[in-house]
Every structure is written in structure tokens, then in C-alpha cells.
Amino acid sequence: MSEKWIVGVDLGGTTTKLAFINNDGEIVHKWEIPTDNTNEGQNITVNIAKAIEEKLAEHGQIKDNLIGIGMGAPGPVNYDKGIILNVVNLGWPDNYPLKASLEAATSLPAAIENDANCAALGEMWMGAGDGAKDLVCVTLGTGVGGGVITGGKVVQGINGAAGEIGHITVIPFGGATCNCGKTGCLETVASATGIVRLARIELAKELKGELSEKLAENGSITAKDVFDAARNSDVLAQSVLDEITFHLGFVLASIANTLNPEKIVLGGGVSKAGDILLNPVKNNFVKFAFSAVRDSTELALATLGNDAGVLGAAWLIKNKLNQ
Ligand code: ZN
């Protein structure tokens, strides 16, 4: 084999995504394994090592062709120490030495980073960031994650908790309870779950229009239903969309007024709604962005989808080698 590969791993609560990625950021092979969080999470890195060995054998490759392994994990990470500080659903104790565990299991040099930061690095390297070194990435999924990159480096913060855009308060009084324990966080409004929650509040006031039909039909509604109905000019769905995009535009303008990034990238499952989400966010953004920021910071949709995490994880190793 002429080229060497980096292993990129995106660790999720139920599924672990893996990929062999070359130095140019091309995904050579990608696959998934279930995440086994039993036994205090002790099987996680062992299973990753096993999956890598099996995949190498399948393709008639040897381990010497792997340069290292980068992994994104769902929780605050101390990058320099290689420790994941606390994570709710993977079974690990607080301050778990994940980098050391990964290195012991795989015999490869490892680097770990928060998963939302990895998504931001992936978009910077191969996606909508298009090489921008000052970039903010907001992941709108089940929750709301964020990654801030300035000068090509992830902003870590003193406790690995920088870039937690999802926990910026947007409803100071009387907001819904967030997974983090606070109330009124952006995540309670702009995540897929938040969007459904807002729609159900409206439907509880008055059962009318396309969304109420969907609810009667399926017994539940999804964030996608809200966007689909808004596309069909459903008044209730439109009012929910107005609320979400106001808060997003406001928060992103405030972040941009602080950092003036080249790009703000919206990713995650909710961002698949496309322009019906992006355009009103932009309209609100320009209202609240300071003029020099408004003229220079661009809002864009993520382009890598589910691959952003593994690519960003691989970038950690590529970047380490180039230092
Ligand atoms: Zn929160």
C-alpha cells in the first residue's frame, strides 16, 4: 500500500463510527459498530481496537500502515491531558483517561477531543469551512453542540467546556429544563427535541393545520414535520420556525460580535432542513450583528453530514504530525 491511513472515530452513545482516512482527508473505508457501554465502559476502546484489526484483515492490510487514531467523544475533554471529564451515558467514571486507554488497546498514537469540536474541525478541513481558520460550528441534533476554532485551533477553555453554544440562555425566565440542569438554554429551543416541544406547546393551545393532522395520524410529530409544514405555509409551523430562527440568529450574531469568524456553519440533523432554516437565521443574524461583522462573517450549512466527526477526529492526528 502506498498511502498511510489515519483512523477517525466518532463515539456515540449507541453507535461508534469508524473510518480509515488518508492524509488528503479522503475516506477510504468507513463502518459502524454498536457502542457497548456495559462494564463501566471498559469494553469501548477494546471493541474499537478489535474492529480496526478486523477491518485491516478484511482489506489485506497491516497495522503498520496506520499512523494514529483520533476520536471524538460526547463530553468535555481536556485535550492536552487526554482525559474526558464527565460523560453521562457511556459508563466511564469522571476524569477518565480515554487517550491512554485508546493507546493501550490499539497500540497507536491517539488524540481525543469533544465530538462537537471534531465536527467543527471536520467542516474546517474538508467541508463548508473550506479551509477557513476562524470558524464556529453549531450542531443542531438531538441536542445543540458547538465548536469554536480560532487561528486553526479549537478553543478549549479552562475546563474543556468552551464552545457549549447549546447552553447559552435564550429564555432567561420560565424556560424549559435543559439536559444540563439549567433552564432556557438554546438547546431547549433549537434542537430537534426543542423544536418538537415548541410545536406541541402551540398544538396544545389550538389543534389546527398540517401539524395537528400529522399528530392525529402518527400520534407524534418530528422536527422534520415542522419544517415540512412550514414549507407548505402552515401558520402554526411557521410561528415555531420564527421563534427558533430568532433565537439562533440572535445567539449567532452575539457569538460573531465576539469572535468575527470567517464562517459559522450549521450542521446536525436539523440543518438538513436547508434554506427554510438558514435564510430566516441569516435575516435575524444581520439584525443583531455589528456592521463590520455583518459584512464579513458568513453563515453556511454544513456539507459533510455524518462524516464530519470522523474527519475532524482524523485531523487531530494529521495536525499533531505536522507540528
Ligand atoms: Zn443547557
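Ground rules, then. The model is predicted, so local features need pLDDT of at least 70 and side-chain atom pairs count only at pLDDT 80 or more, while totals for chains, interfaces and linings use all residues. Residues are numbered from 1 along each chain as its sequence is written, and side-chain values use heavy atoms, with hydrogens and water left out.

Now the interface. 11 residues of domain 1 are in contact with 13 residues of domain 2. Contact here means heavy atoms within 4.5 Å. The size of an interface is often given as the accessible area lost when the parts come together. Domain 1 and domain 2 bury about 900 Å² between them. That is accessible area (1.4 Å probe) that two parts lose on being put together, summed over both. Of it, 55% is on carbon and sulfur atoms. Three residues stand out on the domain 1 side. Ala 116, Asn 117 and Ala 120 supply 44% of the area that domain 1 buries against domain 2, more than any other three residues.

What polar links are there between the domains? There is one residue pair in polar contact, both at pLDDT 80 or more. A polar contact is a pair of N or O atoms within 3.5 Å; within protein, one must be able to donate a hydrogen and the other to accept it, and residues adjacent in sequence count only if both atoms are side-chain atoms. The count of salt bridges between the domains is zero. For a salt bridge, a side-chain nitrogen of Lys or Arg must be within 4 Å of a carboxyl oxygen of Asp or Glu.

Helix α3 (residues 115–126) gives the largest share of the domain 1 side, five residues. Helices are DSSP runs (H or I, at least four residues), numbered from the N terminus. By type, that side divides into nine nonpolar, one polar and one charged.

Next, salt bridges. Take Glu 103 and Lys 99, with closest N and O atoms 3.5 Å apart. They sit four residues apart in helix α2 (residues 98–106), so about one helical turn separates them. Glu 103 is partly exposed, at 28% relative accessible area. On this scale, buried is under 20%, exposed is over 50%, and partly exposed is in between (1.4 Å probe, protein chains only).

Helix α5 (residues 192–205) has Lys 205 and Glu 202 three residues apart. Their salt bridge is 3.1 Å between the closest N and O atoms. Lys 205 is exposed at 62%, whereas Glu 202 is partly exposed at 21%.

Then helix α7 (residues 223–231). Asp 228 and Lys 224 lie four residues apart there. They meet at 2.9 Å, N to O. Lys 224, Asp 228 and Arg 231 are linked in a network of salt bridges.

Last stop: Ser 191. Where does Ser 191 lie? Ser 191 is in the loop between α4 (187–190) and α5. Leaving aside neighbours within four places in sequence, Ser 191 is in contact with residues including Gly 141, Thr 142 and Val 270.

Methods: Helix = DSSP H or I, 4+ residues; strand = E, 2+ residues; numbered from the N terminus. Nonpolar A, V, L, I, M, F, W, Y, C, P; charged D, E, K, R; others polar.
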